[in-house]
Amino acid sequence: MKPKKISTLLIIISFFFGCKGIPVAVNTSESLIDGQWKGTLEQLDINSTYQVEISMNEEKEIYSVYYPGSEGYPEGCNADLNLEKIEGTIYHFREKLTSGFEECYDNGKVTLEIKNNTMIYKCFWPKDSELNVIGVLVK
């Protein structure tokens with residue numbers, strides 16, 4: 001069954017068998033940020049571009065980033081994104097490397113903003129106020 005059909009079925013069941021006939025609310029909407037995102041980033045301090053892949057699952061609180069490598073950027077850098085806060089459609093993270101410790105920068109502040117089915121990626125490093133990487137990703 002598709003998720004919408006399951007959600008509809010749960011609503012019907014909760015209506016008939018819920019607490020004293022009172023329907024139970026079910027959240028059927030997918031998070032804006034959920035899914036697999038891919039795009040190109042530009043690192044401003046070294047004037048280089050490279051690919052990025054981001055996997056997001058808000059319900060499970062799993063956010064990860066993979067930099068597959070390209071000319072001007074090392075291969076095999078992976079990181080977890082630790083959610084710090086959400087402001088509307090802007091998600092604020094702290095990036096923590098899981099591999100590529102010698103080649104890649106750690107502990108950057110990453111903001112991801114969802115606009116019209118695109119994700120605007122910004123990384124502030126080495127200081128939280130210093131924009132160093134920017135790019136656009138799509139699902």
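**Exercise 1. Is Asn132 buried or exposed in this predicted model, and which residues surround it?**

*Solution.* Start by placing the residue: Asn132 sits in strand S8.

Next, look at its accessibility. Asn132 has a relative accessibility of 5%. Buried means under 20%, so Asn132 counts as buried.

Now look at its surroundings. Setting aside neighbours within four places in sequence, Asn132 is in contact with Glu42, Gln43, Leu44 and Asp45, and also with Cys123, Phe124 and Trp125.

Finally, zoom in on Trp125. Its backbone oxygen is 3.4 Å from a polar atom of the Asn132 side chain.

**Exercise 2. In what order do the 8 strands close into a barrel?**

*Solution.* Trace the strands around the barrel: the order is S1-S2-S3-S4-S5-S6-S7-S8, and the pairing is antiparallel. On average, neighbouring strands of this sheet are turned by 30° against each other, with direction ignored.

Then check where S8 meets S1. These two strands pair in the antiparallel sense over 6 bridges. To find one of these places in the structure, go to Gly39, whose bridge partner in S8 is Leu137.

**Exercise 3. Which residues have the most contacts inside the largest nonpolar core, and which residues does Leu81 touch?**

*Solution.* First, a general idea to keep in mind: in soluble globular proteins, nonpolar side chains tend to be buried together.

In this model, the largest nonpolar core has 25 residues, and those with the most contacts inside it are Ile54, Met56, Leu81, Phe93, Leu112, Met119 and Tyr121. The strands that give two or more residues to this core are S1, S2, S3, S4, S5, S6, S7 and S8. S2 supplies the largest share, 4 residues.

To finish, follow Leu81. Not counting residues up to four places away in sequence, Leu81 touches Ile54, Met56, Tyr63, Val65, Phe93, Arg94, Glu95, Val110 and Leu112.

Terms used
Residues are numbered from 1 along each chain as its sequence is written. This is a predicted model: local features need pLDDT of at least 70, side-chain atom pairs count only at pLDDT 80 or more; totals for chains, interfaces and linings use all residues. Side-chain values use heavy atoms; hydrogens and water are left out. A nonpolar core is a set of buried Ala, Val, Leu, Ile, Met, Phe, Trp, Tyr and Cys residues joined through side-chain atoms within 4.5 Å. Buried means under 20% relative accessible area, exposed over 50%, partly exposed in between (1.4 Å probe, protein chains only). Contact means heavy atoms within 4.5 Å. A polar contact is a pair of N or O atoms within 3.5 Å; within protein, one must be able to donate a hydrogen and the other to accept it, and residues adjacent in sequence count only if both atoms are side-chain atoms. Two strands pair if DSSP finds at least two bridges between them. Axes are lines fitted to C-alpha atoms, for helices over the stretch in contact, and angles run from 0 to 180 degrees between N-to-C directions.
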